[in-house]
Amino acid sequence: MIPRLVAEHHNASPAEAFLSYLASAGLEGEIGRSAAERNVFATDNSIYQVEPAAILFPRNTDDLKRIAKALARPEFAEISVAPRGGGTGTNGQSLTSGVVVDCSRHMNRILAIDPVRRVARVEAGVVKDQLNKALAPHGLFFAPELSTSNRATIGGMISTDACGQGSCLYGKTSNHVLALRVVLTDGTDFLSRPVREEELRALQARRDRIGDIHRTVARITSNDRAEIERIFPKLNRFMTGYDLAHVQRGDGAFDLNAVLCGSEGTLAMIAEAELNLLPIPACAALVNIRYDNFNAALEDARNLVALDVASVETIDETVLRLAKGDIVWPRIAAFFPDDAIGPSNGINIAEILADTPLELAEKLSAVTTALENNPFPGRKGFTTTHGKAEIEAVWTMRKRAVGLLGNVEGPVRPVPFVEDTAVPPENLAAYIREFRALLDSEGLAYGMFGHVDAGVLHVRPALDLTRPEHAALVRRISDAVVALTRKHGGVLWGEHGKGVRSEYVPAFFGPLYPRLQEIKATFDPLGQLNPGKIVAPAGKALPKIDEIPLRGALDRDIGNDIRAAFDNAAYCNGNGGCFDFDADGLMCPSYKATRDRRFSPKGRASLMREWLRRLAEKGIDPRREAARPQPLGFVNRLWNSLNPANRDDFSHEVRAAMDTCLACKACAGQCPVKVSVPAFRAKFLALYYKRYLRPLKDPLVAAIETTLPLMARVRPLYNLVAGSSAGKAAMRRAGLTALPTLPSISVRRTLARQNVSVATPARLGRLDEAARAGAVVFVPDAFTEHFDPHVLLDAVEVARLLGLTPFIAPPLVNGKALHVHGYLGAFEKTARRTAAAIDRLAEAGVPLVGIDPSMTLAFRSEYSGTGMKARVLLPQEWLATVLDRLPSPAGGERKRVQLMAHCTERTNAPVATAQWKAVFAKLGMELVVGEAGCCGMAGTFGHEVRNRALSETLYTMSWQPALATPDRAELVMATGYSCRSQVKLMDGVRLPHPFQAIRAALQERLTLPLGGDATYDI
Ligand SMILES: Cc1cc2nc3c(=O)[nH]c(=O)nc-3n(C[C@H](O)[C@H](O)[C@H](O)COP(=O)(O)OP(=O)(O)OC[C@H]3O[C@@H](n4cnc5c(N)ncnc54)[C@H](O)[C@@H]3O)c2cc1C
Ligand code: SF4
Ligand code: SF4
């Protein structure tokens, strides 16, 4: 049995008085003090881990002012805060042992969009893609691009002066900031915008903090102009972090925002920003050029830039290989074909933008003609990409590159610390050659990609930072790379800001460093804003890159074996891909509905890591505990659950985070590192409930699959309970809600009447070859069979209409509910039994077809430990193999139908929707896939009382609006049984399964019956 893990309390922390003061001062936002919250905010995407004392979640600018005014009180002079947005920094920018101010949870409103002036005003926590989604209907966009655009906030982008692909055309974030509303540490609320001389004089004359700041910055930029000119590099990506070179603008204005942009939360807290918007380019195309080696790609990049393209991105062989295994690859594979002489080892992607199709055609022709007429050694060929969706898919692959690098086996993983150097583009190829030689000389693996047009290189050497000798390499390589960038006229901090790497600031800025310190001291005299970043107070040194605690040092306690046994939880690198803001995106529903980072894959992975570490500290191997028999199990669990001492147990905090997980598996399919929360959650729950009693609903849910056939036998009684108010009340008491009633039909009896045989190995084995080729075995799950039998009957009918002989598998227990709830022992027994039965059925070679995507895909993931060899196909996978049997209609108008695919199949079976499209296209219908996230039901999740509110929130966030405005479709279908139940429950609408629509189409019927009591038109 796992021991109690005492949760650390911070009541004694000096921050506690500060937090209590804030609460009494009327802070509207929440205060996070729990061990779990502090743990989840202890990491970003960097190699470091620093636990904050607490987290504040301000609701508005007034809250920021309350925080600042509290900081200004003498008794809190020692308290420091670090603002935080998406937490996607790669160099520890937002990490602090002080108090985190998370502007992302609540301060994420788009305040105004003025499409005429092309200006938007937003709060600091607005995510970049969120803004662009809102701007799209106006034909506008916020131009600075970055790979983390679906979770990085405008506040974070401004504070790191972010940019990425397209920076040569569009510049950096600071180029698009018109005004900043900032809160200073004395509580001043100031709107900073470029000012003319007279206004500047008025500001300088003020006798307050604003006056001090303007006097100091104006004096330095005027007196030290020569040094600024000499020291600030002349790169396309000019220097970020107190950018003194751009305060005095070419047009004569004085722009304090140049200093604020890139200041990494060290000068002020940004509350709002006024941003410049640009029209979305009307037309775009990509030219995807393949090379036989990466150096050739780098060398050729200069030729491409000379062709006046909008941007050039490059990818090396390692990233390309990883991209080929990624979920996005099937959508873009055609643009990166393998050549007869072998696969490509480097790619350049050139982007072409134009205002009209004609202009685009001309520009594209100029580029492709130049490529054809001027061969370059190593250049193998190219393709072009047109169409918004296709172009977006190529950029998605490029954006996922960093994450993909983390998708490797074992403890040696790519880590960021020299990942964003910039040199003048003309020096890039030579610089990279030396960089590679440096990494090769250390024997390190790495992948490379970058913005070649801007001279920016992304590289993450692969290290295992639990190993002291690898940890030492961070210093050695950083120092060498700093020297190399200086040699080639570049900088270490080319894109992602300085963070912990500020150690190199004093040497780089030399005589200007004291001026930077002066600026910091004027803005923040007590050094309370994000200390340790960019500059240190006069007389003090900045922390060194090897003085901040490494994540790896903590992971060392866990050990590699245990890290490997918990489904990549320990390898989450914090890139924040799972914080996707978009309600219509698939990752991660529980985070989207709560905006609580604990309830995200990263949050759960962090907590799991910490839990494993705390167990390791006590010498506990969780795998051994899982296997250990517990003779007095119930008595122990009862005692542990009743004992008040056990209220204080870190495991409860971990369980609370796991409870809100829908087990939708979007993380397992879409996280670039393949962090699989459902997998490690099941292992955690199994261990947790060896120590504590389970809630009553757990055994009920776990048993539902096995008891359904029995309940079907006493259907009237079951329906009386499930349908009556007394029955519902009793169910609610047990923790279950919204249980469906059973329809008055028995699939098996109906199928028997229709002469559909039950598939047995012997029966299938007796079929001759031709009969086998013309047969199909449906493997229904208990839920579809009992609650939604018409889907199965229609599937059988579809097979018949296609001239095939349908069989039905004997009742098999899938066991998914057991797995979800952590009944791992029972699940393993069930899964082994079912896997063996399916394998026996599969011996005859007749295709096996599941109905529900989530239950069918369980045979591929949850069953991976059973050794099951057979593959149970999704309906569309099977239909794709019999496409030639589907009749093609003779002309006429194509019906448009919409599919609401189950999120698990969309995230874990990459070609699933394309196959459905092919099937419906063959039937003369155009299928569109509804853009929606998770419906919120997710198996039994939405049937549990404690989850119902979250489940309904999710439905209203995405599915409800999607169904309210179907995409000009005549019919909307859903593949998931849970999804159909949720729609029926929430909106009273029955959506058909695609099998039902196909049956109707095959029979050329206009009206399709839905289980006797409803019909819909097709
Ligand atoms: C996989 C990956 C790819 C990346 N690609 C790019 C890229 O293409 N281009 C690029 O520029 N960067 C990139 N980054 C780095 C990172 O995403 C950017 O620096 C981003 O701008 C950070 O935004 P955030 O909201 O996550 O900020 P955070 O990481 O939360 O914070 C970053 C800094 O901003 C400060 N800050 C945040 N909010 C405020 C506020 N309201 N007021 C004052 N200070 C604040 C913090 O204190 C911190 O110093 C990448 C990171 C990852 C993990
Ligand atoms: S869970 Fe995956 S997507 Fe989320 S932060 Fe970790 S590695 Fe990134
Ligand atoms: S399974 Fe779904 S809800 Fe759970 S962590 Fe993964 S993405 Fe989030």
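The paragraphs below go through a ligand shell, a sheet and the cavities of this predicted model. Residues are numbered from 1 along each chain as its sequence is written, while chains are lettered from A and ligands numbered from 1 in the order in which they are written. Because the model is predicted, local features need pLDDT of at least 70 and side-chain atom pairs count only at pLDDT 80 or more, whereas totals for chains, interfaces and linings use all residues, and side-chain values use heavy atoms, with hydrogens and water left out.

Around ligand 3 there are 13 residues, the closest being C588, R604, C661, C664 and C667, where a residue is near a molecule if one of its heavy atoms lies within 4 Å of it. At least two residues of this shell come from each of α24 (601-617), α28 (666-670) and α29 (677-691); helices (H or I, at least four residues) and strands (E, at least two) are DSSP runs, numbered from the N terminus. The shell around ligand 3 consists of 10 nonpolar, 1 polar and 2 charged residues, with Ala, Val, Leu, Ile, Met, Phe, Trp, Tyr, Cys and Pro counted as nonpolar, Asp, Glu, Lys and Arg as charged, and the others, Gly among them, as polar.

Strands β21 (residues 775-779) and β22 (residues 805-808) run parallel and are joined by 4 bridges, and F778 has I808 in β22 as its bridge partner.

Searching the whole structure gives 11 cavities of 30 Å³ or more. A cavity is a set of points, on a 1 Å grid over the protein atoms alone, where a 1.4 Å probe fits but cannot get out, and its lining residues have an atom within 4 Å of a point; grid points are joined across faces, edges and corners, and the volume is the space filled by probe spheres set on the points. The largest cavity holds about 540 Å³ and is lined by 41 residues, with A817, A938, G939, T940 and F941 nearest its centre. Its lining divides into 22 nonpolar, 10 polar and 9 charged residues, and α30 gives the largest share, 5 residues. The second largest cavity, of about 280 Å³, has 21 lining residues, of which R413, V415, R551, D555 and N573 lie nearest its centre, and α21 provides the largest share of that lining, 3 residues.

Key: Two strands pair if DSSP finds at least two bridges between them. On a 1 Å grid over the protein atoms alone, a cavity is a set of points where a 1.4 Å probe fits but cannot get out, and a pocket is an open set with protein on both sides within 12 Å along at least five of seven lines; lining residues have an atom within 4 Å of a point.
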